[in-house]
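Here is a short report on one protein model.

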Amino acid sequence: MADAQYHPAHVDRALARIDAIDDDGLLAAVSVIRGPDAVPPEVHVRLLRRCRVEANRRLEGAVLRALVKRVDRWVTRKFAGLSPADQEEMSQELLAHVVKAVARTTAIDWWECRFFFNLRKAAASQYEKTYDEGLRSATADIGDQAEELHDEGALAKELVEDAVRNARLVEVLDPDEVALVHPLFLSTLPISSKKAKLDLVRYLGIPEGTLAEKKATIVKKLKAALEQESLS
């Protein structure tokens with residue numbers, strides 16, 4: 001419930017610290033985003049809301065710049081597999097989301113209680129939206145060349161589908177290989193394609209050569225298992 005929410009202890013301490021300094025000191029304090037003196041992002045959210053009630057353009061600008069740096073760093077770390085352009089787009093979408101959330105209320109909410117938890121939720125939703133749009137675009141762009149670009153082959157795909165149906169994947173493959181089965185064999189994304197908005201190299205953050213090698217290894221293991229004992 002909203003009325004049960006409160007600032008965590010470390011946020012309360014940071015708020016008390018910045019309340020005790022003058023305007024120039026406050027501007028300097030909110031600009032620190034690394035180290036023991038860094039202001040928690042939950043405090044940045046509280047200060048943005050304070051600026052809505054008590055207009056302070058300098059402080060508002062400093063807080064927004066600090067939030068931009070925070071979110072940019074977080075996106076770069078969490079979405080290392082995306083291109084710089086896609087990382088920038090993700091950051092912009094998340095910042096817009098945060099600013100809209102801040103504008104909706106002056107009360108304490110989850111952005112002031114657990115900023116990065118909320119940011120992860122927003123990012124997951126944004127990434128799914130981006131992935132879905134890219135998937136539709138990729139499917140449209142690939143067109144009649146889908147089989148060639150997917151580099152799947154009917155035999156390998158059928159082999160994997162049989163293994164999935166018969167729950168044999170976990171018996172034959174390593175956990176890392178099992179995790180790659182769906183994207184490599186059953187998704188509509190190619191390993192790498194200039195014609196697609198998204199491909200598996202960008203989606204997974206794994207080099208094309210490594211993915212191709214993993215794919216060949218999975219097929220080899222499944223064929224060997226089939227020769228020893230039918231997957232059916």
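## The α1 and α3 contact

In this predicted model, helix α1 meets helix α3 through a defined set of residues. On the α1 side these are H10, V11, A14, L15, I18 and D19. Their partners in α3 are E42, V43, R46, L47 and R50. Sorted by class, the contact has six nonpolar residues, four charged ones and one polar one.

## Geometry of the pair

Two packed helices are described by the distance between their axes and by the angle between them. Helix α1 covers residues 9-19, and helix α3 covers residues 41-53. Their axes come within 9 Å. They cross at roughly 50 degrees. An angle from 35 to 65 degrees falls between roughly parallel and roughly perpendicular, so α1 is oblique to α3. The crossing of α1 past α3 is right-handed.

## The whole chain

The protein has 13 helices and zero strands. Along the sequence, its pattern reads α-α-α-α-α-α-α-α-α-α-α-α-α.

How much of the protein is buried? Of its 232 residues, 41% count as buried. The protein exposes about 13,300 Å². Carbon and sulfur atoms supply 53% of that area.

Among contacts in the protein with a separation of 6 or more, 69% come from residues 24 or more positions apart.

Methods. Residues are numbered from 1 along each chain as its sequence is written. This is a predicted model: local features need pLDDT of at least 70, side-chain atom pairs count only at pLDDT 80 or more; totals for chains, interfaces and linings use all residues. Side-chain values use heavy atoms; hydrogens and water are left out. Helices (H or I, at least four residues) and strands (E, at least two) are DSSP runs, numbered from the N terminus. Buried means under 20% relative accessible area, exposed over 50%, partly exposed in between (1.4 Å probe, protein chains only). Contact means heavy atoms within 4.5 Å. Accessible areas come from the Shrake-Rupley method with a 1.4 Å probe; for residues, only the protein chains shown count as cover. Axes are lines fitted to C-alpha atoms, for helices over the stretch in contact, and angles run from 0 to 180 degrees between N-to-C directions. Angles under 35 degrees count as roughly parallel, over 145 as roughly antiparallel, 65 to 115 as roughly perpendicular and the rest as oblique. A crossing is left-handed if the near helix is turned anticlockwise from the far one by less than a right angle, and right-handed if clockwise. Ala, Val, Leu, Ile, Met, Phe, Trp, Tyr, Cys and Pro count as nonpolar, Asp, Glu, Lys and Arg as charged, and the others, Gly among them, as polar.
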